[in-house]
Every structure is written in structure tokens, then in C-alpha cells.
Amino acid sequence: MATVLRFTPNLYRHLDCPDTSVAGATVREALDAYFQANPRARGFLLDDQGAVRKHVAIFVNETLIRDRAGLSDPIGEGDEIFVAQALSGG
Amino acid sequence: MSDRLLVGTRKGLFRIARGEGGRWAIAKTWFLGDPVSAVLAEPGGSRRYAALGLGHFGVKMQRSEDGGETWSQAASPTFPPKPEGLEDKDPMRGVDVPWSTQLVWTLECGAPGELWCGVIPGALFRSTDGGESWELSRALWDDPRRKQWMGGGYDFSGIHSILVDPRDPLHVTVGVSVGGVWTTRDAGASWELIGAGLRNEYLPEAMAGDPLVQDAHRIVQCPAHPDRLWMQHHNGIFVSDDGGAIWRELTDVPPSSFGFAVAVHPNDPDTAWFVPAAKDEKRFPVDAHLVVTRTRDGGAHFDVLDRGLPTEPAYDLVYRHALDCSHDGLRLAFGSTTGSLWVSEDQGDSWQNISRHLPPVLCVRFEG
């Protein structure tokens, strides 16, 4: 199954991460597939335990994922995963 | 002579260099916009390390092989997987201690190719390959007393000071906020809690002398006399002549013995500098008069130095890593929360203001 993976442009300063297509039945599978080819990206999105970083938000289509630790939210053909940042700091 | 200085700030890394006429000025900038929480210049070498706290996207280590001309992302200290079901709660608030690096607080060189890194939450990492990879010091992290470390101004405890014994790089001593002073003789395989004589007066009296609850703000070691340590503690100033086993408190230090930063002369163990503040909930210069204090006799007397420092009211706080002494002991530099930076070329007798408009200064280090 192919899912579109997009990143906030705020990441472009740190990572070369154009929109891409990934395979997987869950967000975890899709991201793991992406990290295999782009290992540097993992630490920007996930903390040391593999959970979504506190100030990173992951949407499937327009819905925030529910399982920020296990990333078990299902995805399907034609879905879009969008990695955003929850603005904070100063 | 150190003519260059690395300054890590809330909004980037700056090189300050000495130019014509002895005027220091910004010579280079890197990582503008990103907090640089720790910086390290390899003594006598061209490697530089900078720890970036990218907020949303976590801690990232940057390394340069050419004195800062070019940088590339290197490995960040990363915690191992937390065992399923393990309870690891912060003792103050009962919340889970994250097994994930929140902040790189300090970086030091050890033996050739060896680096040490202190982070929040309170943990120590070691690299034996120049920062290609990092390993958690498991013996310290797994010590049951680690779970009593309380933390101070940050949400979790942290390791802010790492002293590598120049006579024996296996002998490393670390300072923990708030968790005392710990030392290893085998590069981290085993640890001993030390610190007799320290006193934490904001805790219940029966606890105040417990080495485990000591609130060291910063500890430094005289490289030429490694048994001499100086500590800026939350409570005041302490000095040790035996590598941190026993400490004595220096009282009545004018204008205040509260502060965060301390620097020691590399060759003269009796000379040390501090930047005092009104204790302890106020944290700005006493009477809004920014000064540096210096002892030249092991703490018996202190000079209060202010030539070249602001004559108008000043509300600068100097963080624990934002005061440094050059390797020859002649020059000093410190930066503050107001984005001001000063350099002294005469061991603190007089100061040159370099800028009042930097981002808040987090760390300062001489190069070379």
C-alpha cells in the first residue's frame, strides 16, 4: 500500500525531506520504512524511546494520530501522513 | 594566548576574536536561530563540538573537523530502550523520568578520542570514537540512588560538570543538579558518591549534609593541581583539596556567595573567579551592580572586580557554563542572560564589553 508522507517545511532547514511515498499498514511501519532509507530523520521525529517527540504532531489525513508511543494508527492506500510541529518556544 | 572564543547562545553559536588594537568582536556565526547549549573545542586540535537543542526536533550534536569552517551532524547521546514495566519517577513530582535526552548540558574531552557528555535527565554519556557514537554510563544511571536526584531549575536532574583527571583519564568526577558529586576510577564502570562537608540549607536540617542532595551549580578542577576543586553551590562557595571527598565552605564572601559560574586558574589552584548574584530566588546582581569576585589565596580573601563592567543598574545573570578562563590563565570571558559579553586580558582586573546585543548567553569557551 502506498501512502504519501509529507513534512513541515520547518524541517527543510535541518533535513532533506521532500514529499515521498511509503508503504505500510500502520504509521509505525510507514515511518520505519522511511527511516531505513533516511536514518537521520528518526531523531527529529521520535524521541529516544521511539515515541513521537513532544512538540511534533503527526496527522493521518486531517486527524492527529492517537497512539503517539506505539504509532499503531492504521493507514491505507491513498492516505496522507503529515508531520507538523506544534509551535512553542521563543 | 587564546585569541578566540566560542559563545553558545539561545539563538546560535558565535566566534568572538581578538582583532587589531586588542578589540574583540564577532568574527563568525553558525546555527543562527538554534539554541547552542554546550560547546567544546578540542585542546590543541581542530575539532569542535556544538550541542543544539532544536526544541521540537530534539537534541542534535554538530561536529567540525576544521576548526569550525564546516560542520556536520554527528551522533547524539541516546538512551537505550526503557525496560517494559520499569518504574522510574521523578522524586519531586512523581512524573516519569524520560529515557530520552532533553538537553546536552556539558561536554568535555577525556583520553585521546574520548568525550564525556552530561545531559538532562541526569545521565552521563561516553564516546570513545570522537563522537561517532555514545554509550550511556549504565552503572551511574542504574544506581538506585539516581532515582533520588531531584533536579533544580529544570524539570529533571542533570549533569552539568565533568572533571577528567589529567593524571588519569579513568578518574572522572561529575556534578549533578540536584544529586551531589560522584566519582569513578574506572571510566564509569563503578561510581562513588562523595562530598563530605557540603551543606544544602534549603532542605530539612537532618538532610542538609547528605551528599546525595547537594545542589552543586558548577564544579571546576585546577588542571595543574587536580585535587583542588572549586564549587559554586546553591548555598555558597566550597573548595576541596582532595578531589571532592571533603569540602569546606567559604562564608562571608562579598557581595554574595550565591551564583552559578566558577572558573579556576589552570596553573594556580588558589586563584578562582565567580560572578555573584543576590540569593536565591532573585538571581540578579546584588544591588544591580554587576561584579566578578576573585580569590588569589584559596578563598581566604576575595577581590570585588568591576572596572569596565556596567556603571548603570545591571540585571545580568551569568549561567554556569558562561564563564571561562583561557588555557594560559591570563584571559577571562563571561556572557549573560541579557546578551552581554565581556573579556578581560588581565585576570579580571578590567573588562572590555564586547556586545550588549547577543542572544542570551548559555556557554562560553576559549579556543586553543
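Analyst: On a 1 Å grid over the protein atoms alone, a pocket is an open set of points with protein on both sides within 12 Å along at least five of seven lines, and lining residues have an atom within 4 Å of a point. Grid points are joined across faces, edges and corners, and the volume is the space filled by probe spheres set on the points. Here, the second largest pocket has a volume of about 1,200 Å³. The model is predicted: local features need pLDDT of at least 70, side-chain atom pairs count only at pLDDT 80 or more, and totals for chains, interfaces and linings use all residues. Residues are numbered from 1 along each chain as its sequence is written, chains are lettered from A and ligands numbered from 1 in the order written, and side-chain values use heavy atoms, without hydrogens and water.

User: How many residues line the second largest pocket, and which lie nearest its centre?

Analyst: The lining has 49 residues, and B:Pro43, B:Glu108, B:Pro223, B:His327 and B:Arg365 lie nearest the centre. Strands are DSSP runs of E, at least two residues, numbered from the N terminus. Among the strands of chain B that each supply at least two lining residues are β4 (36-41), β24 and β28 (361-367).

User: Where does B:Asp324 lie, and what is the nearest side chain of opposite charge?

Analyst: B:Asp324 lies in strand β24 (residues 323-325) of chain B. Buried means under 20% relative accessible area, exposed over 50%, and partly exposed in between (1.4 Å probe, protein chains only). A salt bridge places a side-chain nitrogen of Lys or Arg within 4 Å of a carboxyl oxygen of Asp or Glu. Lys and Arg count as positive, Asp and Glu as negative, while His and the chain ends are not counted. B:Asp324 is buried without a salt bridge, the nearest side chain of opposite charge being B:Arg365, 5.0 Å away. A polar atom of the B:Asp324 side chain lies 2.8 Å from the backbone nitrogen of B:Phe366.

User: Is B:Ala51 buried or exposed?

Analyst: B:Ala51 counts as buried because its relative accessible area is 0%. This residue belongs to strand β5 (residues 48-53) of chain B.

Definitions and conventions: Helix = DSSP H or I, 4+ residues; strand = E, 2+ residues; numbered from the N terminus. Polar contact = N/O pair within 3.5 Å; in protein donor to acceptor, adjacent residues only side chain to side chain. 1 Å grid on protein atoms, 1.4 Å probe; cavity = no way out; pocket = protein on both sides within 12 Å on 5 of 7 lines; lining within 4 Å.
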